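Hi,

Here is the structure I promised to pass on. Please open it first, then read my notes below.

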There are 2 protein chains.
Amino acid sequence: MSSATLDDVARLAGVSRATASRAINGGSRVSAKASEAVAEAVRTLGYTPNPAARSLVTRRTDSVAMVIPEADERVFADPFFARTLRIVTRALSSRDLQVVLLIARPGEEEDRMLRYLRGGHIDGAIVVSSHRSDLLADHVADLGLPAAFVGRPWTGAHRVSYADTDNFAGAREVTQVLIDRGCRRIGTITGPADMSAGADRVAGWRAALDAAGLAADAVVEGDFTEDGGEAACEILLGSHPDIDGLMVASDLMAAGALRAIDRAGRRVPDDIAVVGYDDLGIAERTTPPLTTVKNPIGDMAEEAARLLLAQLDGTTTIPRRVVFAPELVRRTSA
Amino acid sequence: MSSATLDDVARLAGVSRATASRAINGGSRVSAKASEAVAEAVRTLGYTPNPAARSLVTRRTDSVAMVIPEADERVFADPFFARTLRIVTRALSSRDLQVVLLIARPGEEEDRMLRYLRGGHIDGAIVVSSHRSDLLADHVADLGLPAAFVGRPWTGAHRVSYADTDNFAGAREVTQVLIDRGCRRIGTITGPADMSAGADRVAGWRAALDAAGLAADAVVEGDFTEDGGEAACEILLGSHPDIDGLMVASDLMAAGALRAIDRAGRRVPDDIAVVGYDDLGIAERTTPPLTTVKNPIGDMAEEAARLLLAQLDGTTTIPRRVVFAPELVRRTSA
DNA sequence: CAGTTTGATGGAAGCGCTCCCACACCACAC
DNA sequence: GTGTGGTGTGGGAGCGCTTCCATCAAACTG
């Protein structure tokens, strides 16, 4: 453990503690000579500032949380989170902010998480995958904690900054692909109904069907997991055997659905055309590769980081929202 | 932000700051009356102790790092890490220790990570997936940082505590399955050569072949990723077209290998019998399901947590090692 | 040359907490 | 009455750092 203190550094450099501190923190009012002496002392002593002491007085911890109110199984199974974490980490670490990953399954570990956020461990938070019941937007707004959401929160959206994509438009557009290719009985496997992305995508699917004058009643709720998609698809095939098109609210679920369809002895896209959502890599690997919608996760994550930084810098305090456009990706599943 | 301080609590409860502090920290020498008054004050004020101030004096941060010197792509793609993180988190959070995930690709972000470990941000570390060149065991030993490794570190193994499994025995045993079923030309796709798990598994494969008097020269190095396994398998099929058995050092790579074999028009297990390693869930989902070795990750992770706690408690300071036995799992790929 | 600005410096306060230590208090003994 | 021990309490020091403020030297101004 580094046991050298700032005092030691100052003494060795022949300056006061105040000057040493200024020199170390990119001091503005320090002579070149003093600055050099301090740097030298730091080097020989292997000095590292004590973060606790520092943050006690600066009231900053130089670390931010990435909050994921989701079961860990799902966090690691869904490439969405990996991508987001990666991009956020990269964006924030360029500013010397440490990202602390906070995974807490709703309900069980939620208190623990809120206590952590409240406890002053972190300067701000990036929240991903917020659900209706977690009320995270309200919580962070109440705390006055700088925060940015990836994906619009269900409630309290006007109180926080967020980056989102137009899930409604994306879903409508990709459903239109099914309609255009001649499908007349189009079902959907939705995302969780308590997430804005889930709800928006069903709404888009419904809008497309309504506009085409098709029935929009073949709906089963999924959970954004591969197994969940498979199970949902089985149910759907049972209750609506005449389905000839399927809009699945995520590629991961679509991969599961493809398995179920295959097992039912039906062919994609000839018997049933399938489209997914996200385009995160799995989409190109399924058989057949999925026609899907590119979810601009990179853009959203980067923007969320930027939104958070703006608040951390005190540049702005009013909530801002940024929405990115989705993009259709055609492959062979529809 | 909670701005109430211990002083406020003490004043409201009508006691001194010292008594309030004792009461809050499960005080031993506090009257029931004082204790109750403090609890009440904490409640009405919504008081949360300032962690920086606390750790400045206790010299503890109540958080530990889980260090993964690996590219984030791989961390999230490999279920091994999810499992480990989950179990470690669970084991440590029961002791109110916060786990901070530290993912740093070797080389690039290594300095940053070491600075973090050295900086006094954490009380200890669990290190997963250490590579030969990262010298993490030596680094933490030099720092005197309490630490436990999941998997034996390549160098400095005698200086730190670790939990491991007998990869040599596991690999030998699963290779024997191939030999017993009559394979005579058995290749292997190894893990990274700079990780003990990788090296031990090739050694086990080689030992089995040597004992059976078979040639052990069909070797290609993989990287524990699915794509890597696929590429490695292609190379192997090209250079050794007569292969009738394949021992792949991880199920994830084996899944890739199965794809390559399928594309080459050969059948598993009839043309080529394949065995994997890890048994983390993917193994049951491949076609055909993989015969593999169960890697006791849960045991290792739990033990590592225990080893770390022992050091944190000061119970012991001498490095300890614990090795768990692997277990053969037979399915249909061999 | 007095007067003013500018820049570099160190003294000292104080961030919120824990914990040592001295102190009071109340038994219960002799 | 004076001891003796145990128990709860508060005063106060101090953890390592940043930052306000006063100081002082040097460099300008007219």
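**How the two copies meet**

In chain A, 100% of the interface residues are also interface residues in chain B, so the copies meet through the same surface. Keep in mind that this is a predicted model.

How do the copies superpose? A rotation of 180° with 0.0 Å of shift along its axis puts chain A on chain B, with an RMSD of 0.1 Å. The two copies are therefore related as by a two-fold rotation axis. Which residue of chain A comes closest to that axis? Ala52(A) does, with its C-alpha at 2.3 Å.

**Helix 3 of chain A**

This helix runs over residues 32-45. At 1.5 Å a residue, its 14 residues should span 20 Å, and the end C-alpha atoms are 20 Å apart, which agrees. Its buried residues are Ala37(A), Val38(A), Ala41(A) and Val42(A). They cover an arc of only 140° around the axis, which means they sit on the same side of helix 3. Residues three or four places apart in an α-helix point the same way, because there are 3.6 residues a turn.

What covers the buried residues of helix 3? The cover includes helix 1 and helix 2 of chain A. The face turned away from the buried side carries exposed residues: Ala32(A), Lys33(A), Arg43(A) and Thr44(A). Just after helix 3, Gly46(A) takes a positive phi of about 60°.

**Around DNA strand D**

Helices of both chains supply at least two residues each, including helix 4 of chain A and helix 3 of chain B.

Best wishes

Definitions and conventions
Residues are numbered from 1 along each chain as its sequence is written. Chains are lettered from A and ligands numbered from 1 in the order in which they are written. This is a predicted model: local features need pLDDT of at least 70, side-chain atom pairs count only at pLDDT 80 or more; totals for chains, interfaces and linings use all residues. Helices (H or I, at least four residues) and strands (E, at least two) are DSSP runs, numbered from the N terminus. Copies are superposed by least squares on the C-alpha atoms of residues with pLDDT of at least 70 in both. Two residues are in contact if their C-beta atoms, placed from the backbone, lie within 7 Å. The expected span of a helix is 1.5 Å times one less than its number of residues. A residue is buried if 20 or more other C-beta atoms lie within 10 Å of its own, exposed if 12 or fewer, and partly exposed in between; C-beta atoms are placed from the backbone. The arc is that of the directions from the helix axis to the C-beta atoms.
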